[in-house]
Amino acid sequence: MFTVKKSLFGLICAIGCINMDFVFAQQTIYVTNTLDFPRKEVVAVPVSQLKLFLDKSKEADLRIRDTKGNLLPVQWVDNNTDGNNDELLFQAHVEARQKAVYTIVAEPKTVLPESEISTYSRLVPERVDDYAWENDKVAFRVYGPKGQQEALLGIKGSTLSSGVDIWLKRTQFPVINKWYKGYLTDPMYYHKDSRGEGYDPYHVGNSRGTGGIGIWVNEKLQVSQNFVTSRTITEGPLRTVFELTYHSWSEFGVKEIKRISLDLGSNFSKFESDFNAEKQVPNYTIGISLHKNEGEAKLNDKNGYYLHWEKIDDAFVGEGIVIDPRTVEKSIVFRSDIPDESNLYVITKPQDKLVYYAGFAWQKSGDIRTQQDWENMLRRQAQIIKNPLILKVK
């Protein structure tokens with residue numbers, strides 16, 4: 001009898017200890033939305049706030065569940081590429097002025113959810129050396145050193161530009177690899193909207209495209225040429241990040257490292273440019289091409305968002321810039337008869353680091369129907385930047 005009781009007591013203790021360890025290995029993430037509209041955004045938890053979990057378990061064992069028990073995709077990111085992860089990403093869904101709760105658990109035997117919908121970016125040597133990036137909403141590209149060299153030699157199909165190109169998508173699934181593969185046998189493959197996925201009808205040339213930069217001096221924009229090096233920091237289910245470097249440009253001898261990131265579900269890429277200039281720079285200016293001046297441009301210095309609305313072929317496209325209004329000196333709509341020189345310009349105060357968002361939406365994607373829809377999206381993005389989701393880890 002004593003043996004049975006002793007064994008039972010030992011079993012209870014063992015179970016209790018296991019449960020205590022399990023509870024100790026858990027952490028809870030509270031995500032608060034202070035705005036009056038629901039938000040579904042990628043959030044980043046610093047590794048330093050996961051110490052309680054990581055003291056007991058491996059990064060690879062970590063899983064996140066919502067209040068209904070659903071398992072969420074996660075992504076670890078090493079932002080400074082030192083071999084150690086800096087933050088953990090997951091996508092939070094928080095109603096207006098509400099708080100959402102998520103639980104971190106150690107479940108090494110539970111397979112992480114996978115999805116064909118993700119972010120993606122890479123250098124594209126099969127079309128000279130573009131760098132292209134995308135998510136489930138939008139796609140962009142910029143142009144590299146080989147393209148510049150070939151353009152200067154007059155080789156057809158190459159591009160000399162530091163402007164930002166946009167690809168109009170109407171599918172959630174990745175298109176970069178598919179479209180460039182099609183390009184190898186048909187150079188017009190992704191310039192035709194014949195597959196129900198979208199296409200690239202957007203002209204960049206020497207304009208700023210959607211979000212290219214320069215320095216505004218005496219009614220002229222001084223710009224860099226193509227990027228000279230690129231490196232991918234991360235790409236995965238929730239966020240892609242990469243860096244571009246540029247040779248010294250402008251009369252001010254500006255050296256630039258540009259880091260670009262794009263989150264799942266967002267119409268806006270985040271641009272972060274670090275500058276080192278030989279001479280004092282009067283400003284840094286962000287632009288949007290006005291093409292043939294047939295669209296409508298709207299400036300909102302107070303709230304820090306800038307809109308262009310134009311018809312491309314048979315549907316409308318909205319392009320925009322969103323920035324902290326405290327960094328803006330002024331904005332202008334500059335129209336010219338010279339091709340590619342008509343741009344909407346956001347002229348910012350000179351600074352060593354310029355941060356802004358640039359993006360777009362296409363009528364055929366289903367995200368917007370009217371110019372007002374696009375302006376509402378820009379207004380919300382401005383509010384999101386000013387009021388990030390609040391994270392607490394306990």
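Predicted model: local features only at pLDDT ≥ 70, side-chain atom pairs only at ≥ 80, totals over all residues.

User: How many salt bridges does a search of the whole structure find?
Analyst: The search finds 25 salt bridges.

User: Which residue pairs with Asp-130, and are the two buried or exposed?
Analyst: Asp-130 forms a salt bridge with Arg-141, with the closest N and O atoms 2.8 Å apart. The pair links strand β9 (residues 130-134), which holds Asp-130, to strand β10 (residues 139-142), which holds Arg-141. Both Asp-130 and Arg-141 are buried.

User: Which residues are linked with them in a network?
Analyst: Salt bridges link Arg-127, Asp-130, Arg-141, Asp-165 and Asp-200 in a network.

User: Changing topic: what does Glu-341 meet in a salt bridge?
Analyst: Its partner is Lys-220, at 3.6 Å from N to O. Glu-341 counts as partly exposed because its relative accessibility is 24%. Lys-220, at 45%, also counts as partly exposed.

User: And Glu-310, where is that found?
Analyst: Glu-310 is found in strand β21 (residues 305-312). Glu-310 is buried yet has no salt bridge. The nearest side chain of opposite charge, Arg-335, is 9.4 Å away.

User: What does the side chain of Glu-310 make a polar contact with?
Analyst: That contact is with the side chain of His-291, at 2.9 Å. Glu-310 also touches other residues, including Tyr-202, Phe-316 and Glu-319.

Conventions: Residues numbered from 1 in each chain as written. Heavy atoms only, no water. Helix = DSSP H or I, 4+ residues; strand = E, 2+ residues; numbered from the N terminus. Buried < 20%, exposed > 50% of the residue type's maximum accessible area, 1.4 Å probe, protein only. Lys, Arg positive; Asp, Glu negative; His and termini not counted. Salt bridge = Lys/Arg side-chain N within 4 Å of Asp/Glu carboxyl O. Polar contact = N/O pair within 3.5 Å; in protein donor to acceptor, adjacent residues only side chain to side chain. Contact = heavy atoms within 4.5 Å. Lists of a residue's contacts leave out its neighbours within four places in sequence.
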